[in-house]
Amino acid sequence: MVEWIDFERDTIVDIFSKMQYEVVGPEALARCLIVYPWTQRYFGNFGNLYNAAAISGNPMVAKHGTTILHGLDRAVKNMDDIKSTYAELSVLHSEKLHVDPDNFKLLSDCLTIEVAAQLGNDFTGEVQAAFQKFLAVVVSSLGRQYH
């Protein structure tokens, strides 16, 4: 079980309250697909992912990126039980979609970059530490079925 201090809880809630889901989600997923092209194999039904411009302009990438961020809301609202909150998603990604669990970490890194860009100077080291701790718990929870 993860222990959260008040600063971490408040920081995570604050980040998500300020986040522009329809901007940050698509940009984070597009960045992941561009920087780590092998992750594209899970999105074969998304159409043209042949180059950075196609990925960034792909409406299915944008929609799924937004969906991912809205999915993170569940973790924000259930910070004391993220593993159970994501149990079904872990099974789905493991058993049906066969997603390599390392991809969750890659996406979380891309999300961190996008959030840092959005928050600018407000994304201090302490804020980053809280955000990355949160994402590490999410990544661990999504990868739980693989263990």
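These legends describe close-up views of a predicted model.

**View 1. Helix H1 against helix H8.** Two packed helices are described by the angle between their axes and the distance between the axes. Here the axes of H1 and H8 cross at roughly 85° and come within 9 Å. Angles of 65 to 115 degrees count as roughly perpendicular, so H1 is roughly perpendicular to H8. On the H1 side, the contact is made by Phe7, Glu8, Thr11, Ile12, Ile15 and Phe16. H8 contributes Glu126, Val127, Ala130, Phe131, Lys133 and Phe134. By class, the residues of this contact of H1 with H8 divide into eight nonpolar, one polar and three charged.

**View 2. Helix H4 against helix H8.** Helix H4 covers residues 59-77 and helix H8 covers residues 125-142. Their axes lie 11 Å apart, and the two helices pack at an angle of about 105°. That makes H4 roughly perpendicular to H8. Leu72, Ala75 and Val76 of H4 meet Phe134, Leu135 and Val138 of H8 in this contact. The contact of H4 with H8 has six nonpolar residues, with no polar and no charged ones.

**View 3. The aromatic pair of Trp4 and Phe134.** A search of the whole structure finds seven aromatic pairs, and the view shows one of them, formed by Trp4 and Phe134. The ring centres of Trp4 and Phe134 are 6.5 Å apart. Their planes stand at 50°, so the pair is tilted. Trp4 belongs to the segment before helix H1 (6-18), whereas Phe134 is in helix H8. The pair therefore ties together parts that are 130 residues apart in sequence. Phe134 also takes part in the contact of H8 with H1 and in the contact of H8 with H4.

**View 4. The second largest pocket and its lining.** The volume of the second largest pocket is about 150 Å³. Its lining consists of Met1, Val2, Met79, Asp80, Asp81, Ile82, Lys83, Val137 and Ser140. Helix H5 (82-85) and H8 are the elements that give two or more residues to this lining. Sorted by class, the lining residues of the second largest pocket are five nonpolar, one polar and three charged.

Key
Residues are numbered from 1 along each chain as its sequence is written. This is a predicted model: local features need pLDDT of at least 70, side-chain atom pairs count only at pLDDT 80 or more; totals for chains, interfaces and linings use all residues. Side-chain values use heavy atoms; hydrogens and water are left out. Axes are lines fitted to C-alpha atoms, for helices over the stretch in contact, and angles run from 0 to 180 degrees between N-to-C directions. Helices (H or I, at least four residues) and strands (E, at least two) are DSSP runs, numbered from the N terminus. Angles under 35 degrees count as roughly parallel, over 145 as roughly antiparallel, 65 to 115 as roughly perpendicular and the rest as oblique. Contact means heavy atoms within 4.5 Å. Ala, Val, Leu, Ile, Met, Phe, Trp, Tyr, Cys and Pro count as nonpolar, Asp, Glu, Lys and Arg as charged, and the others, Gly among them, as polar. On a 1 Å grid over the protein atoms alone, a cavity is a set of points where a 1.4 Å probe fits but cannot get out, and a pocket is an open set with protein on both sides within 12 Å along at least five of seven lines; lining residues have an atom within 4 Å of a point. Grid points are joined across faces, edges and corners, and a volume is the space filled by probe spheres set on the points. Rings of Phe, Tyr and Trp (its six-membered ring) pair if their centres lie within 6.5 Å; planes under 30 degrees apart count as stacked, over 60 as edge-to-face and the rest as tilted.
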